[in-house]
Amino acid sequence: MAPQERSAPRRRNPRGQGQVLKAQLVDATAKLLATLEQPETLTLRQVAREVGVAPASIYGHFPDLGALIQHVLRLRYEELARLMDEAAQPAPDPLSDLVARCAAYVRWGVGRPGHYRTLFGGRMPDDLVPGSAHSAGAEPLEAVVVSLAAVTGAETTAERQWQAGLLLWTALHGLVSLYNDHGNMPWPPLDDLITDLLSLHTARPAAEIAPLLPPLADDPASAGSPSPSSGL
């Protein structure tokens with residue numbers, strides 16, 4: 001083993017605390033995926049070095065790197081879905097529900113650019129992370145589809161409702177991705193961008209949408225958010 005690949009000394013977990021190591025492996029993988037310039041080059045050896053264990057120690061918890069990455073993806077999707085649901089929970093009407101969900105999505109993506117890239121960057125090889133690994137991402141998208149349909153009230157087919165929701169998500173994704181990748185541009189305030197985007201997709205005036213944006217201080221993902229160019 002090359003010197004740079006030797007594991008750093010690590011204290012053994014007490015008997016019965018194997019879940020501690022599993023959590024450390026997951027945290028290390030999430031960190032590496034969010035910070036590596038080429039996350040698709042991640043290896044089990046890198047994860048092992050980050051935690052300070054021998055690579056063989058990982059196999060007691062995950063059969064291979066793909067399983068470990070897919071576990072991280074599922075946790076991240078669950079985190080995003082939970083934040084969107086919590087943001088919308090106090091919403092008194094469909095429009096407030098939609099605004100809260102979309103604002104939570106954008107703020108999380110901008111506040112956690114590395115983790116957003118992990119979910120939506122699309123750089124992992126299919127043999128390592130198959131498309132089915134992103135199935136957990138269907139929940140927040142479906143919630144947006146339902147919420148938008150409730151706002152527009154359009155008597156249309158489920159297919160058209162799905163398409164409208166998909167187009168809205170595409171716009172949200174484009175906003176987050178461009179904001180993160182080109183943080184040096186003279187962007188307008190992020191909440192103004194969210195407001196105008198939702199105004200376009202709901203045919204509601206921006207003046208009606210802006211007051212419905214949850215305060216930043218109440219948004220878990222926005223507290224202490226890094227700048228757009230940050231890796232995490």
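What follows is a set of questions about the labels, each with its answer.

Q: What kind of model is this, and how are its residues numbered?
A: It's a predicted model, where local features need pLDDT of at least 70 and side-chain atom pairs count only at pLDDT 80 or more, while totals for chains, interfaces and linings use all residues. Residues are numbered from 1 along each chain as its sequence is written, and side-chain values use heavy atoms, with hydrogens and water left out.

Q: What makes up the protein chain, helices or strands?
A: Helices: there are 9 of them and 0 strands. Both are DSSP runs numbered from the N terminus, helices being H or I with at least four residues and strands E with at least two. From the N terminus on, the elements read α-α-α-α-α-α-α-α-α.

Q: Why is Thr-202 called buried?
A: Buried means under 20% relative accessible area (exposed is over 50%, partly exposed in between, with a 1.4 Å probe and protein chains only). Thr-202 has 7%, so it counts as buried. Across the protein chain, buried residues make up 41% of the 232 residues.

Q: What does Thr-202 touch, leaving aside its neighbours within four places in sequence?
A: Contact means heavy atoms within 4.5 Å, and on that basis Thr-202 meets Leu-98, Leu-148, Val-151 and Ile-209. Thr-202 sits in helix H8 (residues 190-202). A polar atom of the Thr-202 side chain also lies 2.6 Å from the backbone oxygen of Leu-198.

Q: What makes H4 and H7 roughly parallel?
A: Axes are lines fitted to C-alpha atoms, for helices over the stretch in contact, and angles run from 0 to 180 degrees between N-to-C directions. Angles under 35 degrees count as roughly parallel, over 145 as roughly antiparallel, 65 to 115 as roughly perpendicular and the rest as oblique. The axes of H4 (residues 94-111) and H7 (residues 158-181) cross at roughly 30° and come within 9 Å, so the pair is roughly parallel. Among the residues making this contact are Leu-98, Cys-102 and Tyr-105 of H4, and Leu-168, Trp-169 and Leu-172 of H7.

Q: What makes H5 mostly covered?
A: In H5 (residues 113-120), 6 of the 8 residues are buried. They are Pro-113, Gly-114, His-115, Tyr-116, Thr-118 and Leu-119. Just after H5, Gly-122 takes a positive phi of about 65°.

Notes:
A polar contact is a pair of N or O atoms within 3.5 Å; within protein, one must be able to donate a hydrogen and the other to accept it, and residues adjacent in sequence count only if both atoms are side-chain atoms.
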